[in-house]
Amino acid sequence: MLQNPALPLRGSLRLRPAVGPWHRPAFSVAVATGLPNLLLLALGRLDLVPYTSAGTMCALFAHALPYRERARTLVWVVAGMAASVGVALTAASLTRSAVVLVALAALMAGLQKLLCDATRLGPPGNVIFTFVTASAFFLPHQRLDAVPVRLALVAVGGLVAWLVCLAPALVRAHGPALTLARPRKPRPLRVHLPLASRVALGCALAGWASLAAGVGHPYWAVVTAAAVHRANTSVSFQRAWQRTVGSLLGLLVFSVAVPLTHLPAVGALLALLFVAACQVGAEATITRNYWLGQVFVTPMALLLVSLGSTEPVGTLVGDRWLDTLFGAALGMAAAFLVTNRRAGERLTTALHQARAAQRLALTGPVGGDAHTRLADTLHELRESADGHAGEWWQRPVPLQEVAQVEQEGHRMLALLTERQAAHV
């Protein structure tokens, strides 16, 4: 018999205690973005902010890693961001067809979801890449001969982000402990194809619906559709609801703040300062609940658009609201249309791997490899069980077996720790 879990709303807006050292990514991205933005303001070239900001947004990543791992990971993040923006700018230079651009943005969003899930890159994961890339597909006045220069600006922004994220090493030689922040091994791509397919389909449907409704910023619908997809259908439903509520409140914040950014002489500076404040606010609140983070993300995104736009505030607000509704609704439609039949296969594999890791830990030599492998398999087991439990059209989760393997595994981890201490 197949299960159809409930789509819960109760408690979805409840605030939780903040998780983790949120100030690291918050202030890193604010400083990294603010430095080039202030320089561009002084030069009178705020039209270039989207390109430098694409690189500086990379400052949100890798703060839980030791400095050496952080440096290497950020290089890959910046390279991936530059490659994504390069594809978007090239496409925008070659075609003016919004239908085609939405399709390409949706494909890129699906690919970014696939790669971020497989490499376990995050938080914040694929949504940051999609936010930057989807908007780049629709940046005006693109020409092929200008793409290299604009990619150079992305690279400069990425370099600033890299330097800001590594700057703490100057005053604190030891970063996060390797044992707590060790990056886990990448995962076989096929198990992530259903979720990536949902993202691609949902983004395409949302973007095309936005175009059909005459909305001028279809990439907002694309980003919303990408953002709602989580580990399973039930969690995605909660995320869609949270994003809708948070975006509505964020639009109210933007409507109140935007008149200040139009003041003579100081308006642009106030806009940049408000963007930085929203970046900090988003990181400070998003772990408490996603909707609260969106209260800051929404005005930040709109202010970045308004810096180089002459559109009326009412038009921007209306477009954003419609795109949020299209993205949330059609993103969820894709979750129901694309079934994740691999969720059961992944859970079965995770159970076998966890039991095999326990046997190896019992019979193998004392050392860190057995501990590492067992910890990895237990993490994968919990992740796959959570994903399976909230997925529609699946066979019931073997909760008792999962709980037993997890209990035995955690007892084994404690035993391995004692054995390693005694061996030393």
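The model is predicted, with local features needing pLDDT of at least 70 and side-chain atom pairs counting only at pLDDT 80 or more, while totals for chains, interfaces and linings use all residues. Residues are numbered from 1 along each chain, and side-chain values use heavy atoms, without hydrogens or water.

Helices here are DSSP runs (H or I, at least four residues) numbered from the N terminus.

On the helix 3 side, Ser84, Val87, Ala91 and Ala92 meet Leu101, Leu104, Met108 and Gln112 of helix 4 (contact means heavy atoms within 4.5 Å). Six of the residues in this contact are nonpolar, two are polar and none is charged.

## A nonpolar surface patch

Leu38, Leu260, Leu263, Val266, Leu269, Leu270 and Leu273 make a nonpolar surface patch of about 560 Å². Patch residues have over 30% relative accessible area (1.4 Å probe) and no salt bridge, with nonpolar side chains joined within 5 Å. Helix 11 (residues 267–285) contributes the largest share, three residues. Leucine 263 is in the loop between helix 10 (233–257) and helix 11.

## Salt bridges

The count comes to 10 salt bridges, each a side-chain nitrogen of Lys or Arg within 4 Å of a carboxyl oxygen of Asp or Glu. Arginine 346 forms one with glutamate 380, the closest N and O atoms being 2.7 Å apart. Because arginine 346 lies in helix 14 (residues 342–363) and glutamate 380 in helix 15 (residues 368–389), the pair ties together parts 34 residues apart in sequence.

Note on methods. Helices (H or I, at least four residues) and strands (E, at least two) are DSSP runs, numbered from the N terminus. Ala, Val, Leu, Ile, Met, Phe, Trp, Tyr, Cys and Pro count as nonpolar, Asp, Glu, Lys and Arg as charged, and the others, Gly among them, as polar. Patches are made of residues with over 30% relative accessible area and no salt bridge: like charges are joined within 9 Å, nonpolar side chains (Val, Leu, Ile, Met, Phe, Trp, Tyr) within 5 Å.
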